[in-house]
Amino acid sequence: MNTVFFKEASEENLNKAAAILREGGLVGIPTETVYGLGANALDENAVAHIFEAKGRPQDNPLIIHMPDAGWLDRYCGDVPETARRLAERFWPGPLTMILPRDPIVPLRTTGGLETVGVRCPRHPVTLELIRRAGVPIAAPSGNTSGRPSPTTAGHMLEDMQGKIDAIFDGGACSVGVESTIIDLTVTPPRLLRPGGLPLEALREVLGEVAVDRAVTDALKEGEKPRAPGMKYRHYAPKAPVTVVAGDPEATAEYIAERVGEKTGVICFTEYRDRFPACTVEALGPAADREEHARRIFDALRAFDATDVSEIFAQCPDTEGLGLAVTNRLKKAAGFHVVEVQE
Ligand code: TXA
Ligand code: MG
């Protein structure tokens, strides 16, 4: 299959890409979080092709994307007042809400679940594509299953060229980690995946929010996460990753004592000169959590084009976007984490 690459957000290109979606094709779509692999969420065949192209297990549900909160009642069974309040405050933006499924959404899309994840992305191209297609768009992250999520159209091409109908280039993602997922079908609401909207912002609106154990800890053998995609190892480069947590000065020192020529290092920009012999990916200044989020997947992906045989990563704290970045790093490491004392 020849994958068409759309670059300009012209009338003609938007109409062409929307038509592909409406007719059951697959299009790589830009969002503020990561690129998605989009298809008509109501078309079981199209949805089946998403699973195929990603090599994704069939029981891992897809979230559906809509252009505004006005579509909630069409695709969700019972929309609680809290969902409307969150949508009002944070949509369009990096928040996915788990709500009861309306039967119009195929079980193939929800991985057999009676709930559905809904999100309104903050990217003009994708909002326009959904409006023109006239159907909700199911879109997982546009990576091959298990690889780091794509934050540029180029990343998406790496994984999907020849497997999907088109990719729409909308520039580099401004947030860089996937949406925050909150389950509103349980009391208190439960954070299933930390993401581009900080937990602190959700608590301001909702009060108490429980945090699913899969967010911070490795699950035991056989233990099932509530968000089926929150499995143990994910986002992983080919070389094994060790996350080093603690004060940045102490973690830089810990890593510097252990590296060799074939070591990859993910570090804060202030510390990059400590590893002259290594392949280094800088995450941005230690205090800039937004930049860490924008850089993390690109950094993890970059090592696969090198011959590094191990990777050490400095780890931010869990405040704000730090919770999402820490979660992605720990999962890339299969929860292989070293805590360094000062
Ligand atoms: O930012 C994002 O959310 C991106 C962009 C493209 O919108 N999409 C994304 O989709 O990250 P995906 O499929 O890579 O991750 C969605 C996660 C998976 O872990 C899945 O298991 C979980 O959401 N999920 C989806 N529907 C669910 C449901 N009904 N109940 C629990 N978890 C659900
Ligand atoms: Mg994903």
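Tutor: A quick definition before we start: a polar contact here is a pair of N or O atoms within 3.5 Å. Keep in mind that this is a predicted model.

Student: OK, how far is an oxygen atom of ligand 1 from an N or O atom in the side chain of Arg119?

Tutor: The cut-off for a polar contact is 3.5 Å. The Arg119 side chain places an N or O atom inside that limit from an oxygen of ligand 1, so the pair counts. The distance is 2.8 Å.

Student: And which polar side-chain atom lies 2.6 Å from an oxygen atom of ligand 1: whose is it?

Tutor: Thr33 has a side-chain N or O atom 2.7 Å from a ligand 1 oxygen, so look at another residue for 2.6 Å. That one belongs to Asn60.

Student: How much of the accessible area of ligand 1 does the protein cover?

Tutor: Ligand 1 has 27 residues around it, with Thr33, Asn60, His65, Ser179 and Gly229 the closest. On its own, ligand 1 has 680 Å² of accessible area. The protein's share of cover is 97%.

Student: Which residues touch the most other members of the largest nonpolar core?

Tutor: That core holds 73 residues. Val118, for instance, has contacts beyond its sequence neighbours that include Ile64, Trp91 and Leu99. The top three are Leu86, Met97 and Val118.

Student: Which residue takes a positive phi just after α5?

Tutor: Helix α5 spans residues 124–133, and its buried residues include Leu127, Ile130 and Ala133. Among the elements covering them are α1 and β4. Just past the helix, phi is about 75° at Gly134.

Technical notes. Residues numbered from 1 in each chain as written. Chains lettered and ligands numbered in written order. Predicted model: local features only at pLDDT ≥ 70, side-chain atom pairs only at ≥ 80, totals over all residues. Heavy atoms only, no water. Core = buried A, V, L, I, M, F, W, Y, C linked by side-chain atoms within 4.5 Å. Buried < 20%, exposed > 50% of the residue type's maximum accessible area, 1.4 Å probe, protein only. Contact = heavy atoms within 4.5 Å. Helix = DSSP H or I, 4+ residues; strand = E, 2+ residues; numbered from the N terminus. Near = heavy atom within 4 Å. Polar contact = N/O pair within 3.5 Å; in protein donor to acceptor, adjacent residues only side chain to side chain. Areas by Shrake-Rupley, 256 points an atom, 1.4 Å probe, with all protein chains shown as cover. Lists of a residue's contacts leave out its neighbours within four places in sequence.
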